Amino acid sequence: MLAVHIPDWPVVASGEEPNAAVAVLAANQVRSAGATARAQGVHPGLRRREAQARCPELVLVPADPDRDARVFEPIVAAVETVVPGVEVTEPGNCLVRSRGAARYFGGDGVVAAQVRGAVEACLARAGLHAVVRVGVADGPFAALVAARADQVVPPGGTPDFLAPLSVDLLDQPELADVLRRLGLVTLGAFARLPAADVLARFGPAGALAHGLASGEDERPLLPREQPLDLSVAVRFEPPVEHVEQAVFAARRLAEEAHEQLRDRGLACTRIVVEAETEHGERRRRVWRHDGPLSVSVITDRVRWQLDGWLAGTGREGEPTSGLVLVRLTPEGLLPGDGRQLGLWGEPGAAAGRVGRALTRIQGLLGPDAVTTPVVVGGRDPARRVRLAAWGEPRDGAENGGSRGRAGASGGAGGEIVPPWPGAVPPPAPATVHDEPLPALVLDEGGEPVGVSGRCAVTAPPAWLSVGGAAPLRITGWAGPWPVDERWWDAAGRRRARFQVVAADGSASLLFVEIGRWWLEAAYD
C-alpha cells in the first residue's frame, strides 16, 4: 500500500500564510496547529486561552470539515493521475494499492517519487504550502504510519518497521493505557503476545489491534467512487427570446446526454433542467419519470419548463432578458438494460398521457400546482393523508408536507403504513371535518358518558346528539382508543376515540377530551 500524508491538513486548507502561527479551533479546543505554532508549544487538545497564552500572535481559524474535504479533492485527483483507485481515509490522508504501479514504474520508491511530484505540483497550482510525505508498507495501517515517517518499507519488512513504535499509534487510548501499565510500550512487544490470549483478554477490538501491531492488516481498500459528469450545456449568443429557439437547441442537448448515457450502459430517471438569462436570473427544476427518460421525454420537459418561465405563468414571473444558457444534468442513474413492452404494446399508455398532461401543467404553473394524496402514518384521520407534488416519491412512511382533507380511504391504494398505537382500526372514515363538531353522548339515564383515567367508560353510550340536534339512539359502539401524546409537554393532549352507529344508520368517529365530546369524522 502507498499512503500520502500532509501534516496539519486543516491548517493547510485554511489558506493562511505558511510562516504564520495558525491553529484550527473546534469546540473551543485546538484541533490542528501549524509548524510555527507547534514550535511555540501549541498542540492539538489545548484550550483556546492556553493556546493564546503560549502564542499571543496565534491566528485562530474555525474548523470546517467541508472546506478540508473540498480542498483535498484536487490532491486525490493528482494521486489518481499516477495510480488509480484511491481511498481517502480523512482529508490530508489517502491510500492506494501500489503493487501494479511498482511493476510498471520499476519499484515502490519510483512510484512514491511520482506521487510526491504530482501532489506537490497540485499544491503549487492551488497556492498552498505544505510538506508532502509518502510512505509504502504492507497494509493500510502500516502504510499510513510509514507516510508519517516519509519512509518506504521493503516488502515483508512491515513487522520489523512497526516493532519499535509506540502503542499509541493504535489509536485506542484505553488499550494503550493498559498495555503501558503491563510494560508493553511498543508494538513489537504487544505483537509477541499469543493472539488467542489477546482475544480472551481484550476481546475483538484488542485482537484487531494485535493484528495491526503484527503487520497483519488485510483490510481491502475502498476506492472512492469518481462522480460522472454527464451534464451537457449550450450557450446562446445572442440571447434567445423565443421558446422554440431554445427547444431546438435542447433537442440536441437531450440527444447528446442520451448518447453519453448509452455509451456507458446507463439510463436516467431524473433530469435537472437549468436555464439562465442574460441578467443572471436562474431557473432550476428536477423532472422525474417512472422509467428511463428518452430523448423526446427530456425535450418535452425542457419545452414545458421554458414555456412556463418565458410566458411568466409560474410563481417566478417572466424573466427580464433572453436566455443565454440551458444545461441538462442526468440523475437517478440505473443500468440501461431496456424496458420490456407489454404483449399488446406499451403498458399504461393512457396513464402515460395523463402523466404527461399533469407534468406539463407543472411546467406552466409550478411543481405544487398538481398534487396527489399519499397515506402516511398517524393517529388522526386528518393527519394520515398528505398532498405530494406530482412526480415526487410517494413514500407512505414519509411525513411532512401539506395534508389533505379527505379521509385515509381517499389516499392512494397500495401503501403499507406501519401501525400507530392508539390509531383507530379500519375502515377509515370517508369524511373528516376541518373542525370537529360539538357532540353530546349520554347513557340510559340521560347522564353524560365519561372516560376514566384507566380508559374505561363510566357507562355504556346510549344517546348521541350532534350540534344541539335531537338525540339519536346509539345501536352500536366500539372503543375507546386512547391517545396520550407528549405527556411531558404543556401542549400535549389526552383523548379517547369511539366508533358509534346511530339508529338512523349513520356511523361517526367521536372523541372525548377534557370531559367534552366532539364529532371528528363520518363513515359512509
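Buried means under 20% relative accessible area. The views below come from a predicted model.

**View 1. Ser-465, a buried residue in strand β16**. Strand β16 covers residues 463-466, and Ser-465 sits in this strand. Ser-465 has 9% relative accessibility, so this residue counts as buried. A polar atom of the Ser-465 side chain lies 2.5 Å from the backbone oxygen of Ala-469. Which residues touch Ser-465, leaving aside neighbours within four places in sequence? They are Pro-438, Ala-439, Leu-440 and Pro-471.

**View 2. Helices α12 and α13 pack together**. Helix α12 spans residues 243-263, and helix α13 spans residues 295-310. Two packed helices are described by the angle between their axes and the distance between the axes. Here the angle is about 150°, and the axes are 9 Å apart. Angles over 145 degrees count as roughly antiparallel, and α12 and α13 are therefore roughly antiparallel to each other. Their crossing is right-handed. On the α12 side, the contact is made by Val-243, Ala-246, Val-247, Ala-250, Arg-251, Ala-254, Glu-255 and His-258. From α13 come Val-295, Ser-296, Ile-298, Thr-299, Val-302, Arg-303, Leu-306, Asp-307 and Leu-310.

**View 3. Residues 396-417, where the pLDDT is below 50**. The protein chain averages a pLDDT of 83. At least 70 is the score of 88% of the residues. Over residues 396-417, by contrast, the pLDDT is below 50. How many contacts does this stretch have in the model, beyond near neighbours in sequence? The model gives the stretch 53. Where pLDDT is low, the predicted coordinates should not be read in detail.

Methods. Residues are numbered from 1 along each chain as its sequence is written. This is a predicted model: local features need pLDDT of at least 70, side-chain atom pairs count only at pLDDT 80 or more; totals for chains, interfaces and linings use all residues. Side-chain values use heavy atoms; hydrogens and water are left out. Helices (H or I, at least four residues) and strands (E, at least two) are DSSP runs, numbered from the N terminus. Buried means under 20% relative accessible area, exposed over 50%, partly exposed in between (1.4 Å probe, protein chains only). A polar contact is a pair of N or O atoms within 3.5 Å; within protein, one must be able to donate a hydrogen and the other to accept it, and residues adjacent in sequence count only if both atoms are side-chain atoms. Contact means heavy atoms within 4.5 Å. pLDDT is the predictor's confidence in each residue, from 0 to 100. Axes are lines fitted to C-alpha atoms, for helices over the stretch in contact, and angles run from 0 to 180 degrees between N-to-C directions. Angles under 35 degrees count as roughly parallel, over 145 as roughly antiparallel, 65 to 115 as roughly perpendicular and the rest as oblique. A crossing is left-handed if the near helix is turned anticlockwise from the far one by less than a right angle, and right-handed if clockwise.
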